[in-house]
Structures are given as C-alpha cells and as structure tokens.
Amino acid sequence: WNLFFCLGRLIWATGGVHPHRRWMRIISLYCPPGSFQENSFQNIDADGHGGYDYLIRLVRQQNITGEQASKAIREAAVEVLFDILQQEHIGPLSFKTVSKDHLDASLTLLKSEEVLAQAYQRWQAWSNAGLSRLSPNMAPVIRKPTYLSEQLSETAYQNLLESVDGNRTLRDIAVLSGQDILLLTRALRHYLRQGLLELIYVPDYGLVRTSAFDHH
C-alpha cells in the first residue's frame with residue numbers, strides 16, 4: 001500500500017491487491033456520469049497518485065466539486081487502512097518513508113487519526129461479525145446453483161445471479177447494489193457455510209477495461 005502525507009495530514013492512499021477496482025468504485029460513488037470523458041478514468045494508473053491527480057483535474061475543470069473529491073479520497077483511504085488493519089491481524093507489517101515534493105495537496109488534508117478511527121470502526125464491526133478471516137476483496141461464486149435456487153424465490157435468485165458472477169468482489173457488489181458490505185456479507189455467509197457459494201481471489205482490473213462501474 002501507499003499512503004501520501006503532507007504536513008502530517010493524509011492526502012491520498014492506494015495500492016494493495018485491487019487499486020484499479022477501488023478507483024472504479026470511488027469514481028462510481030462520488031463522480032456523477034458526465035463529469036468526465038467516457039473511459040478516460042479507466043486509463044489512470046491507480047497504483048500510485050494518478051487517481052489523485054485526476055480528481056484534481058476534475059475539480060479544476062469544475063466537473064466535480066471539491067467536496068465530492070474529498071469524499072472520494074476519504075473513502076479510498078478508509079478502504080486501504082481497513083485492509084492494512086486486516087493484514088496486521090494476520091501478521092506484523094513493515095513500512096518505509098520516502099520524501100517527495102511534487103504531489104499537489106490542494107484538494108484536502110485529512111486528519112490521519114480520524115480516518116484511521118473510521119477504518120478501525122469498520123474493521124471492528126467486520127471482526128465482531130465473525131468475518132475476520134474473510135477479505136472484502138474476495139469474490140463470491142455460485143457452486144451449487146440448483147440447491148441455491150431451491151432456497152430462494154425466483155426473483156431473489158435472479159438478482160443474485162446478476163450480481164454474483166464470480167468476478168465481482170464483495171466490495172464491488174456492495175457498491176453496485178447500494179448495500180452495506182457488512183450486511184451483504186452476513187447475508188451471504190449462510191450460503192457460504194452450506195457450500196452453495198464460495199469466496200475466491202480474483203485479479204485486479206487492468207487499464208482500459210470495461211467494468212460494472214462504467215458510466216453510460
């Protein structure tokens with residue numbers, strides 16, 4: 001992971017297993033359709049500060065507000081810190097600091113302790129729900145469709161088929177469906193325990209990729 005600071009404040013966070021998926025999620029959540037050129041956001045190298053620079057450009061072009069950009073940055077930071085907290089639960093982490101002067105800090109200066117507290121609150125809720133061994137970066141896949149369909153109404157089963165395609169992660173599905181990820185995962189856990197669903201690791205999106213978060 002990469003955390004970017006200015007004057008002791010957090011200004012951007014990225015990295016981890018799915019930086020491009022995360023980038024597409026925050027664009028989908030906080031940047032309305034029409035605020036950018038079609039597919040332009042998909043060409044961003046999100047595993048660095050390319051996403052941050054892109055948000056600055058959108059604000060300066062008055063395509064999004066500074067508040068929208070700030071919310072996007074905070075969500076990215078909380079998600080990254082959640083993953084760090086989960087990894088730290090598994091084993092100790094190390095870090096290194098690198099001094100750079102070129103990152104524009106004009107968008108926002110987040111109080112690190114507030115963002116960390118928000119991430120820790122999410123992690124505690126996730127852990128207290130018995131999900132500490134499950135990563136929200138994993139994707140559910142249907143293993144026994146016949147048995148699963150018998151436990152759900154036809155409408156519920158069709159809705160599940162549309163969202164659970166073996167490629168979307170829990171985080172992707174939560175954003176796509178507008179659901180709270182904790183409630184979503186707890187609802188799916190019943191079927192995971194029965195072996196009707198399975199969680200698998202999936203790769204990150206590459207650049208210039210069409211995804212569930214495209215704006216049309």
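The legends below describe several views of a predicted model of one protein chain.

Figure 1. The C-alpha trace spans about 60 × 40 × 25 Å along its principal axes. For a chain of 216 residues, a compact globule would have a radius of gyration near 17 Å, and the 18 Å computed for this protein chain agrees with that value.

Figure 2. Among the contacts between residues at least 6 apart in sequence, 77% join residues that are at least 24 apart. The side chains include 21 positive and 22 negative ones, and the centres of these two sets lie 4 Å apart.

**Figure 3. The hairpin of strand 1 and strand 2.** Strand 1, which covers residues 2–6, pairs with strand 2 in the antiparallel sense over five bridges, and within this pairing Cys-6 stands opposite Arg-9 of strand 2. Two residues lie between the strands of the hairpin, where Leu-7 takes a positive phi near 55°. Strand 2 is made up of residues 9–14, and because five of its six residues are buried, this strand is largely enclosed by the rest of the structure.

**Figure 4. Helix 2 and the elements that cover its buried residues.** Helix 2 runs over residues 50–60, and its buried residues are Gly-51, Tyr-52, Tyr-54, Leu-55, Ile-56 and Leu-58. The cover over these buried residues includes strand 2, together with helix 1 (19–30) and helix 3 (66–90), and strand 2 is itself largely enclosed, since five of its six residues are buried. After helix 2 comes Gln-62, a residue whose phi is positive, near 60°.

**Figure 5. Leu-176 in helix 7.** Leu-176 belongs to helix 7, which takes in residues 170–177. Is Leu-176 buried or partly exposed? With a relative accessible area of 38%, Leu-176 counts as partly exposed, because that term applies between the limit of under 20% for buried residues and the limit of over 50% for exposed ones. Leu-176 and Ala-117 are 59 residues apart along the chain, and their C-alpha atoms are separated by 26 Å.

Terms used
Residues numbered from 1 in each chain as written. Predicted model: local features only at pLDDT ≥ 70, side-chain atom pairs only at ≥ 80, totals over all residues. Heavy atoms only, no water. Rg over C-alpha atoms; globule rule 2.2 N^0.38 Å. Contact = heavy atoms within 4.5 Å. Lys, Arg positive; Asp, Glu negative; His and termini not counted. Charge placed at Lys NZ, Arg CZ, Asp CG, Glu CD. Buried < 20%, exposed > 50% of the residue type's maximum accessible area, 1.4 Å probe, protein only. Helix = DSSP H or I, 4+ residues; strand = E, 2+ residues; numbered from the N terminus. Pairing = 2+ DSSP bridges.
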